[in-house]
Amino acid sequence: MPLLGGVRPPIAALLCALLAVAAFPTLALGTVQDQEVPQAVRVAERRIAEDAAASVRAAVDAGATAVRRSAASATPADASTPAAVLKSLVPTGPPAPALGGVLLDPQTGGTLASSGAAVPLSGVDAAALMRPDIANPAPRLVPSGSDGTLLLLFARVTVPRAGHQLLLVVAEKLAAPVVYGDGRTGQLVDRDGKVLATTGAARTAPAPDAEEGTRSAAVVRAADAGRSAGDASGSVLGDEHAGLRRVTGWASVAAANGKAGRGDGQDESSQLGLTVVTFREVASAKGGGGGDHMSFALAAAGALVVIAVLVTLVLWGAVQRPLLRLHLSAARLAGGVCDMPGARGEAAAARAGLARPVPVAAFGEPARVGRALESIRRQLLGGTGPEPVQPVRPAQRVRPVRCRPGVRSVLLVCALVIAAWAMPLLFLFNRVPAAQAVPATAVADQQARTEAAADRVRQSLDQSRTDLAAVAPALSDAPAERAEEILRRERADHPVYRSLYVLNRAGAIVLRAGRRPLHPLADAPAGDGLAQVTTSGRNPTLAAYARIPAAKNAEGATAPAVVVAEIGVGTLDDVVARPGLGRVWLTDERHRVLAANTDFRAFQPLPTRGLARLVARNGAAHGGAGGPASAVLDAATAPGEGPSVAAAAPLARTGSVAALGWRVVSAEAAADLELTGYQLQARTMLAGLLALSLGVAGLIWLHIVVARPLRALTRCAERLAGGDRRTVLYPVHHDECGSVTRNLELLRQALVERDRGTGSDAAPAAPSSRRGTAPWQQRTD
């Protein structure tokens, strides 16, 4: 019967697996190159450009929304002149003051009124912009001689006197991209590569020369190629000059999903074709090339090849070869007791099969089975009785048999040898302290992005306060029905407002829109500002308030005094979250978490001691804003989390937002940064893990299919050699152990016949009636 499985497939698979893992260090570790500018720096510059593009996009969208809201909320009287209507519509405050405004008649295309600076109307078709299929006309860029390029914002205005809607055109300057970090420059360029606005280090520098313009155009071409390939951002590495290399990041100001403007007011900046370009000069690291990594990879691969060959030879010599010899020896003994044609031939063949001794292995279960087979052979040749495999003296006290080295010991030694190669790769080799592995540029970039996140939160809070202050005058003389309508519309336009309510001078709520306030202000504060109204509980809450101008016929304490917007801080979770920034927390002045992009509990402390120390060390006095700070936190300050690059930044230095004392804190795992040191460490650990897991898996397979059945076979063989004739042996597997078990059953049957005395004068032979019968089909007496 052919053997299926057995000892050879696991050993062959183990050898192939170890050789495959040996090739991994050469392919994975040897390809890690020491870069002059780490990839993490290029990725961070791209992320910074994305943050700046998001800021520009938010400013454009906020400006267009403010113009439309102003036009929608206007209720000019029938006798109002176009100039008076225009004066009430043109925004004069944040997010950006208007340079000028024009009121156009779409039917005639003529200008009805204008204010401020001259608004360039070249290419503006009022009738086309007022078509019914265009819900909201999208902003556009127009050239202006003295002011460079201006942004035109459009809105429809309903004037009863005109009998139809008019077109409001407001001209604003483009907002320069907000960038942070020493030596970094941000530029806003159009689709032709023309620089429209500059901020940062180059703002005070001389005008860009031809080479600088060529660089910007090249970046724009790279951006166009990236957008055509489906990318919204990217980075470009410049040539080396005086030991420095320029790292440039670009990001489109279009929608995050890359779709064109839909004209519904949800994405005002998509059709402008603007691109934000940020760049800085970084020191070029020398000595890149990765030669040391290749040497280490070849040494590690060679060591594993030697280990694989040694383990294979040990398993072949200690397990495979002895087991195959047992298989052949047991088959020879079983053939010696089988019936042969002719009486004389039977005895001759039997003695020929039993005449040769059974070779015994050196140690372990194969040696014990070999000694048992040899004892059975001698008994079949006419021995006087069973021979104990382990004779015990009569006077010797019977003690439990101690565990002796066997096949399991060989497998354990092989596992230890493989682990001796894998464990240093997992825990020792290619380990670099976080302070050395993370370059200072990456730490500075983390701080710059954290400052940008803090600025986004500040803008969001300032915008909420500004919008509330803009609606406060409308509530002064408005009747109750009109004031309630204004509150409902304001809350619908600001989803971050959980509740809107009006307090009178006595501190009582006289009007409300939205949900019931969780923590209404007890007193009517003076002026405009922000206040944190909860310091505990499950829902951190912020209140923005604005003073309502006193009405002419105010009734003392019952007159409305302040309009308050209750803002759930949880709505800022999406504001602080940015890709590639890691975990981000918004904390109060006592460094407790108010919002985060990960799971948190309101008013819990920062998760690690290192973050708390970073914020406390670089903060100002109680209630102050402090300054930004960053550091590399090692694993000792963040148990169980590993080294990280952390930064903290206040929301603002001055103003009502600064009085809150809030900060944005971020932490990015150092291992997640695309740094050569951590790439090498990760691949080294992966090589060790592969070798250990595949090696242990192969040895466990060998233990299951060989070691464990061989131990059971050893016990059966020793019992049979010791005189147990009643236990029927059942083969379980069609491999070497199963073959030996089948042959032992035939030998057991022959011993039973010999004990009956059926063949005392001749060589023992199994009865012909039982020849070829399965052991479990034979009855024993």
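Which residues does Ser-644 touch, not counting residues up to four places away in sequence?

## Surroundings of Ser-644

In this predicted model, Ser-644 touches Ala-631, Val-632, Leu-633, Ala-667, Glu-668, Ala-669 and Ala-670, once residues up to four places away in sequence are set aside. Ser-644 belongs to strand S19, which covers residues 644–650. With a relative accessible area of 9%, Ser-644 is buried, because the value falls under 20%.

## The five-stranded sheet

Five strands form an open sheet in the order S12-S11-S15-S14-S13, and their pairing is antiparallel. Strand S12 (509–514) and strand S13 (529–532) stand at the edges; each has a single partner strand, so one side of each is left without a neighbour in the sheet. From one strand to the next, the twist averages 20 degrees.

Within this sheet, strand S14 (residues 541–547) and strand S15 (residues 560–568) are joined in the antiparallel sense over seven bridges. Ala-543 stands opposite Glu-566 in S15.

## Helices across the sheet

Helix H11 (residues 440–471) lies across strand S11 (497–504) as well as S13, S14 and S15, and runs at about 35 degrees to S14. Helix H12 (residues 480–493) lies across S11, S12 and S15, and its direction is at about 35 degrees to S12.

## The contact of H2 with H11

Helix H11 also meets helix H2 (residues 39–73): the axes of H2 and H11 come within 9 Å and cross at roughly 10 degrees. H2 is therefore roughly parallel to H11.

On the H2 side, the contact involves Val-41, Ala-44, Arg-47, Ile-48, Asp-51, Ser-55 and Arg-69. These residues meet Thr-441, Asp-445, Ala-448, Arg-449, Ala-452, Arg-456, Gln-459 and Asp-467 in H11. By residue type, the contact of H2 with H11 comprises five nonpolar, three polar and seven charged residues.

## The aromatic pair

How many aromatic pairs does a search of the whole structure find? The search finds one. The pair is formed by Phe-296 and Phe-429, with 5.5 Å centre to centre and 70 degrees between the planes. The arrangement is edge-to-face, because the angle is over 60 degrees.

Phe-296 lies in helix H6 (residues 291–336), whereas Phe-429 lies in the loop between helix H9 (407–427) and helix H10 (434–437), so the pair ties together parts that are 133 residues apart in sequence. Phe-429 is partly exposed, with a relative accessible area of 38%.

How values were computed: Residues numbered from 1 in each chain as written. Predicted model: local features only at pLDDT ≥ 70, side-chain atom pairs only at ≥ 80, totals over all residues. Heavy atoms only, no water. Phe/Tyr/Trp six-rings, centres within 6.5 Å; stacked < 30°, edge-to-face > 60°. Helix = DSSP H or I, 4+ residues; strand = E, 2+ residues; numbered from the N terminus. Buried < 20%, exposed > 50% of the residue type's maximum accessible area, 1.4 Å probe, protein only. Pairing = 2+ DSSP bridges. Axes fitted to C-alpha atoms, helices over the stretch in contact; angles between N-to-C directions. Contact = heavy atoms within 4.5 Å. Parallel < 35°, antiparallel > 145°, perpendicular 65-115°, else oblique. Nonpolar A, V, L, I, M, F, W, Y, C, P; charged D, E, K, R; others polar.
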